[in-house]
Amino acid sequence: MKGSRILIESLLKEGVEVIFGYPGGSVIPLFDSLYDAPIKFILTRHEQAAAHAADGYARVTGKVGVCLATSGPGATNLTTGIATAHMDSIPMVVITGQVKTSLIGNDAFQEADVIGITRSISKYNYLVKDIKDLAYTIREAFYIAASGRPGPVVIDVPVDIQTQEAEFKYFDKIEIRSYRPTHLGHPGQIRKALKLIYQSKKPVIIAGGGVIISGANQELLKFVEDTDIPVTETFMGLGGFPSTHKLSLGMPGMHGTVYANMAITESDLLVSIGCRFDDRVTGKIEAFAPGAKIIHIDIDPTSISKNIKVDVPIVGDAKNILEQLTEGIDESKIPDFGPWHKNIQDWKKKNPLRYETSKRGKIKPQQVIEEIYAQTKGTAVIVTEVGQNQMWAAQFYKFDYPRHFLSSGGLGTMGFGFPAAIGAKLAKPSQEVILIAGDGSIQMNIQELATVSTYGVNVKVVILNNYCLGMVRQWQELFYNRRYSGTPLKNPDFVKVAQGYGIKGLRVEKPENVKSAVKKIISSNEPVVADFRIEEEENVFPMVPAGEAINRMIGGMA
Amino acid sequence: MKHTIQALVENRFGVLARVSSLFSARGYNITSLAVGETADPTVSCMTIVVNAEDERILEQIKKQLNKLIDVITVNDFTHKEYIERELILIKLSADRNCEEMLTTAVKKGSIRVIEKNKNFCIIEACSERHKIEEILKELKKAEVIELVRTGKIAIGK
């Protein structure tokens, strides 16, 4: 069997249904084999979008997303997407063509050292130099991508390997002696953790993206209801615990809720589950939960004691460990957290997330998000770009279900949202998928309107248009004397741009029209691009200035 | 503080780059690095000597090393009992200083003369790192044409 066929057959064995990609000289044999394979191929209009679409597909399903591009520029265009997936622990297999083996290292046409370039932004990578290794490599790549702390794995396949012949052999078992992720928590550590819980008066759980990755949301809910410990969900953890639950504190950190940040700061015990204490969560490290003991549950030992010194580390899968903890609880020893809950209730009452209506009759972005939440009843998959749009979505949409909030958290990649929304919609056609974008970020991959139009991908694009790069502008307003350097935008007419691609476009300019516009968007059975002209100088509040303690928030403290 | 770290890794291309980039990405200079096959030809042994200013960062690097898919085990010898060796080869200009020095050094047993002609003399020394440093100090009197050293290898007791 030809190498290109072996590759496709291997993908089929892995259960791949969709590949996002872009052809080129070094993958023509592969595309030839793809032509009549029972795999859906989605041609994006830029390789970066193919990577983000595969990422969106993976985030919404939990399955491994697959993308494909040619050597050289095709591969380098994928790199932003690979790095984005790597930072957020998203399982992906990235296949790149490479110049033929005899030319590697010779500065051949469209040659780039893809293995070298992607080494630090992928979980693992391979250059396939022998056709006999191809099938096993693919099997192993999928295993590595999806197991342990997931991540993107790159397979670089020279064009001559694609045309060589070999016998196709499928490998059932994968055994890597140097890679054995820990799944169960150490029983001694579980006992220590429970002991700390019994001794605490003001505990808080921080639920991170690991809860969603491990599928531990039900186990977390059970554990929380058994212990009565309040939960704050990090940006990556939104949906891992129901936002509408009475014990939910919402998001912590730079643009988190006042009550989440106050609770962390005042707590005497933090139970972190699948959260890596990113600097956007901790703020100033020395002032982060100064009086708290810390239990850290994570599948990745390198996340533990990296930023925050941990008292009880538990390495393993969040779902298993939560089950072990719940099983081990002696309910008679759980203290009464009543006074602590009362404390939190007071903070909640005094400092809710809020915004004022515009004095100039403009649309407030928060109103748009709230309206979308109300009309979708919290069931839509919300995808965001990066910047203010992302933070307003995280703050004002309430996420009750895992895998319903897709956003580039770690790398903060503008241009991620639109292609990721396309990938998510193709993965879950019956699911309402809404992109919340800014006028800046939507233009970073706006060419994907062609993909939406070609395949009839019914995503809804909501542009919160303030004619500037809002998040940087906000920092310039607050910390740089309103010197708006490089942030004002002159935008195209987004309605006409959409129409140019054969997509419905609409513009909304008045607050009183938001409700009906959102209704139109959601009820449409074809894709829509909606240009919401919002208050230009609206800020995301509350906000912890960079490097400050998280209880030192501006805009939002009563 | 100097740390001697041993990593057993898969013997395949690209592994050295992965390991060394963990150090370089954090601005850590590797003092020495020795790589060779073990008794099992599918496994290579890397002995890395690194000067860590911040122990916490070194802890993190060790964890990251362990996390690398090609790394089988990581062992920090620093606070353990182990035997270490480093080999140096030196080409000295064959003048009077050289003669005198060689006589005393060879007598002490610290070096071995491998080749000698009228222009130069090549000697080797194999010892613990601090002894190698001493030998180098002694040799300063002679004119060193070229000096190469392997970097340290170590084995646990």
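Some conventions come before the description. Residues are numbered from 1 along each chain as its sequence is written, and chains are lettered from A and ligands numbered from 1 in the order in which they are written. Since the model is predicted, local features need pLDDT of at least 70 and side-chain atom pairs count only at pLDDT 80 or more, while totals for chains, interfaces and linings use all residues.

I begin with chain A. Chain A has 21 helices and 17 strands; here helices (H or I, at least four residues) and strands (E, at least two) are DSSP runs, numbered from the N terminus. The radius of gyration of chain A is 24 Å, close to the 24 Å that the globule rule gives for 558 residues, so chain A is as compact as a globular protein of that length. That radius is taken over C-alpha atoms, and the globule rule is 2.2 Å times the number of residues to the power 0.38. Along the principal axes, the C-alpha atoms of chain A fill a box of roughly 70 × 60 × 40 Å.

How much of chain A is buried? Of its 558 residues, 56% count as buried. A residue is called buried if 20 or more other C-beta atoms lie within 10 Å of its own, exposed if 12 or fewer, and partly exposed in between, with C-beta atoms placed from the backbone. As for contacts, two residues are in contact if their C-beta atoms, placed from the backbone, lie within 7 Å. Among contacts in chain A between residues at least 6 apart in sequence, 76% join residues at least 24 apart.

Chain A is assigned domain 1 (3–163), domain 2 (187–350) and domain 3 (365–533); such bounds come from an automatic or database domain assignment. The C-alpha centres of domain 2 and domain 3 of chain A lie 31 Å apart. Twelve residues of domain 2 of chain A are in contact with twelve residues of domain 3 of chain A. On the domain 2 side of this contact, the residues divide into six nonpolar, six polar and no charged. In this classification Ala, Val, Leu, Ile, Met, Phe, Trp, Tyr, Cys and Pro count as nonpolar, Asp, Glu, Lys and Arg as charged, and the others, Gly among them, as polar.

Next, one helix of chain A. Helix H13 spans residues 318–328, and its buried residues are Ala318(A), Lys319(A), Ile321(A), Leu322(A), Gln324(A) and Leu325(A). An α-helix has 3.6 residues a turn, so residues three or four places apart point the same way. Against which elements do the buried residues of H13(A) pack? Their partners in chain A are helix H8 (187–199), helix H9 (209–213), helix H10 (217–227), strand E9 (269–273), E10 and E11.

Ser305(A) is placed in the loop between strand E10 (293–298) and strand E11 (312–315). Its phi is near 60°, a positive value in a residue other than glycine. Ser305(A) is partly exposed, with 18 other C-beta atoms within 10 Å. Ser89(A), in the loop between helix H4 (73–87) and strand E4 (92–98) of chain A, also has a positive phi, near 55°. Is Ser89(A) buried or exposed? Ser89(A) is buried, with 23 other C-beta atoms within 10 Å. Pro542(A) belongs to the segment after strand E17 (528–533) of chain A.

I turn to chain B. Its secondary structure comes to four helices and nine strands, in the sequence pattern β-α-β-β-α-β-β-α-β-β-α-β-β. The C-alpha trace of chain B spans about 55 × 35 × 30 Å along its principal axes. Of the 157 residues of chain B, 20% count as buried.

Chain B is divided into domain 1 (2–76) and domain 2 (83–156), with 28 Å between their C-alpha centres. Eight residues of domain 1 of chain B are in contact with seven residues of domain 2 of chain B. Strand E1 (2–10), strand E2 (30–37) and strand E3 (43–51) of chain B each supply at least two residues of the domain 1 side. E2(B) gives the most to that side, with three residues. The residues of the domain 1 side divide into three nonpolar, five polar and no charged.

Finally, the contact between the chains. Chain A contributes twelve residues and chain B 14 residues. On the chain A side, six residues are nonpolar, three polar and three charged.
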